[in-house]
Amino acid sequence: MPSRKVIEYLDSEGVKYVSVKHSPAYTAQEVAASAHIPGKELAKTIMVKLDSTMAMVILPASFHVDFGRLKDVAGVGEVELASEAEFRDLFPGSEVGAMAPFGNLYGMDVYVAVPLTEDEEIAFNAGSHTELIRLAYADFERLVKPVVGDFAVKE
């Protein structure tokens, strides 16, 4: 089941979205295949520390983060991948690794890779390894106000 916090937020903002159930999947590429969504349209959330401050990096499932370029986009001195132990308690109501890309709901910055902005819709885990939410990218951008940058590299 999607995170109650995310669903309530989308509903309160009048956002139209679709919930997509799929068989259990744990990697972004598995989720994309299971839900029959192109990897470029499935947004995966990567937790990072930017100068020791937790942040979300959102990019297509078929891409990976270039940490050097992210460092430049974020204007920080150090970027490192956060461990599960460091973020598991930050998203109540979400399964570990299935948090929705709404860092604004949790007091953290969100960085979105340019390729995600090129499609009309995006889909993402919303607190569960068996359900996605799909909505217009314009609505996501309006709500989250992410920093958009060129830090994603095709796998």
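Helices (H or I, at least four residues) and strands (E, at least two) are taken here as DSSP runs, numbered from the N terminus. By this definition, the secondary structure of the protein chain comes to five helices and ten strands. The radius of gyration, which is taken over C-alpha atoms, is 14 Å for the protein chain, close to the 15 Å that the globule rule gives for 155 residues, so the chain is as compact as a globular protein of that length; the globule rule itself is 2.2 Å times the number of residues to the power 0.38. The structure is a predicted model, in which local features need pLDDT of at least 70 and side-chain atom pairs count only at pLDDT 80 or more, whereas totals for chains, interfaces and linings use all residues. Residues are numbered from 1 along each chain as its sequence is written, and side-chain values use heavy atoms, with hydrogens and water left out.

Taken along the principal axes, the box filled by the C-alpha atoms of the protein chain is roughly 40 × 30 × 30 Å. Of the 155 residues, 51% are buried, where buried means under 20% relative accessible area, exposed means over 50%, and partly exposed lies in between (1.4 Å probe, protein chains only). The accessible surface of the chain, computed by the Shrake-Rupley method with a 1.4 Å probe and, for residues, with only the protein chains shown counting as cover, comes to about 7,400 Å², and 51% of this belongs to carbon and sulfur atoms. Contact means heavy atoms within 4.5 Å, and among contacts between residues at least 6 apart in sequence, 68% join residues at least 24 apart.

Rolling a probe the size of a water molecule over the atoms shows where empty space is left. A pocket is an open set of points, on a 1 Å grid over the protein atoms alone, with protein on both sides within 12 Å along at least five of seven lines, and its lining residues have an atom within 4 Å of a point. About 390 Å³ of space lies in the largest pocket, a volume being the space filled by probe spheres set on grid points that are joined across faces, edges and corners. The lining holds 22 residues, of which Y26, K44, T45, I46 and G97 are the closest to the centre of the pocket. Two or more lining residues come from each of α2 (28-35), β2, α4 (84-87) and β7 (121-125), and β2 gives the most, with six. The lining divides into 14 nonpolar residues, six polar and two charged; Ala, Val, Leu, Ile, Met, Phe, Trp, Tyr, Cys and Pro count as nonpolar, Asp, Glu, Lys and Arg as charged, and the others, Gly among them, as polar.

T45 is found in strand β2 (residues 42-50) and counts as buried because its relative accessibility is 16%. Not counting residues up to four places away in sequence, T45 touches M56, V57, I58, M99, A100 and P101. P101 lies in the loop between α4 and β6 (110-113) and, at 0% relative accessibility, also counts as buried. Beyond four places in sequence, the contacts of P101 include T45, F124, F140 and V144.

Two loop residues remain to be described. D51, in the loop between β2 and β3 (53-60), has a positive phi of about 50° although it is not a glycine, and this residue is partly exposed at 41% relative accessibility. K145, placed between α5 (137-144) and β9 (147-149), has a positive phi near 55° and is exposed, with a relative accessible area of 65%.

Notes: 1 Å grid on protein atoms, 1.4 Å probe; cavity = no way out; pocket = protein on both sides within 12 Å on 5 of 7 lines; lining within 4 Å.
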